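Work through the exercises below with the structure open. Try each task before reading its solution.

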Amino acid sequence: MFKIFEPNKIFSITSRAPKYVLILFVLVLSIGLVEALIISPQDYKQSHSVRIMYVHVPAAWISLGIFSSITILSLSGYIFKNNNFFLVAKSLAPSGLVFNIIALVTGSIWGKPTWGTWWAWDARITSMLILAIFYLMYLVAWRIYDDRDKIIKVTTLITLLGIINVPIIKYSVDWWNTLHQPASINILSKSTIHSSMLFPLLIMTAAFALFSLLIFLMKYNTELIKIKNKGLDRL
Amino acid sequence: MYGRKVKLRFFFIVLILLSLILSVFLILKSLEENVVYFKSPSDVKLIGKLENKKIRIGGMVKKNSIKISSNDINFIITDFKNEINVIYSGAVPNLFSEGKGVVAEGYLKDRSYFEASKILAKHDENYMPPEVKKALEEK
């Protein structure tokens with residue numbers, strides 16, 4: 001099974017994809033930025049500082065999404081003994097870390113004018129910092145070990161430990177008193193964000209997702225070339 | 001369809017995950033006191049012995065409770081069950097206003113009097129343009 005995941009067949013697609021993804025990314029990002037910075041209204045309470053949300057929230061979503069994907073890939077790779085899954089996971093991680101850091105930094109910049117502080121050790125912010133540390137551990141683990149079996153075991157264990165933190169991040173604002181406000185966008189109940197602000201938020205999320213896809217493809221192609229150069233036709 | 005080893009590895013992962021979730025749950029449950037960022041006025045009422053320790057109290061700024069004198073600002077934090085008087089001198093964040101969330105950091109003088117050394121505004125999850133807010137208020 002998983003014949004379609006043979007590296008050689010994938011490479012013929014992934015080596016051509018980046019330029020189309022790049023065009024799409026630039027297009028969606030331009031629309032997103034115009035929507036977020038110019039067309040969307042200011043907030044009744046926060047006025048223009050609400051615009052940081054259009055970077056902060058998508059970045060946080062993407063970093064959580066990528067960590068979840070890395071975990072699912074690593075666990076399936078371990079269960080089904082498919083090494084290519086680990087390579088996909090490894091290539092996804094850098095953009096996840098970048099968006100995690102963007103979420104923390106923009107949160108800090110947003111916190112100063114609204115809450116009155118750059119940083120608070122509340123449950124949401126601290127758990128997000130822990131996620132960044134897990135990303136770092138994951139990426140460092142790939143560099144420390146030379147033995148492939150060892151890399152697979154260690155990185156899978158890191159994702160297994162880190163994934164526990166993901167629901168904690170999501171529900172921290174509901175379970176405990178935090179300085180961070182609860183979620184505005186709910187799937188099951190009514191969202192508390194006006195549609196004129198929700199639209200740019202979704203466009204920016206799409207733009208960030210495309211950026212992650214672009215970085216992933218470039219990183220993944222590099223990994224495949226590395227394997228080819230080593231004279232291995234399989235992982 | 002899948003081999004015995006595949007099923008065993010799957011079962012192994014599920015067991016590890018279950019034990020991790022349970023242990024993290026227990027740890028967080030026992031640390032609840034420290035995980036919460038602030039206490040509500042009702043929590044303050046339940047404190048057994050008053051200690052001279054820095055704490056945070058959060059809730060809503062009670063409507064019409066802000067009194068500004070020459071160098072102090074007085075207001076009441078409420079969670080709609082209990083209230084606590086706060087005195088503070090210094091600048092307040094932009095979003096600090098009546099009927100909105102606030103977190104005050106400082107020392108409890110007695111069960112209904114709090115001397116704050118820092119004020120943080122806690123904003124809620126509602127985002128809307130000013131016109132929509134106005135329309136909602138007129139309704």
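A residue is buried if 20 or more other C-beta atoms lie within 10 Å of its own, exposed if 12 or fewer, and partly exposed in between, with C-beta atoms placed from the backbone. The model is predicted: local features need pLDDT of at least 70, side-chain atom pairs count only at pLDDT 80 or more, and totals for chains, interfaces and linings use all residues. Residues are numbered from 1 along each chain as its sequence is written, and chains are lettered from A in the order in which they are written.

**Exercise 1.** Find how many of the 28 residues of H3(A) are buried.

Solution. Helices are DSSP runs (H or I, at least four residues), numbered from the N terminus. Of the 28 residues of H3(A), 21 are buried, so the helix is largely enclosed by the rest of the structure.

**Exercise 2.** Check the span of helix H3 (residues 53-80) of chain A.

Solution. The expected span is 1.5 Å times one less than the number of residues. For H3(A) this gives 40 Å, and the end C-alpha atoms are 40 Å apart, which agrees. After the helix comes Lys81(A), with a positive phi near 50°.

**Exercise 3.** Describe how H3(A) packs against helix H4 (residues 83-114) of chain A.

Solution. Axes are lines fitted to C-alpha atoms over the stretch in contact, and angles run from 0 to 180 degrees between N-to-C directions. The angle is about 155° and the axes of H3(A) and H4(A) are 7 Å apart. H3(A) is therefore roughly antiparallel to H4(A) (over 145 degrees; under 35 is roughly parallel, 65 to 115 roughly perpendicular, the rest oblique).

Methods: Helix = DSSP H or I, 4+ residues; strand = E, 2+ residues; numbered from the N terminus.
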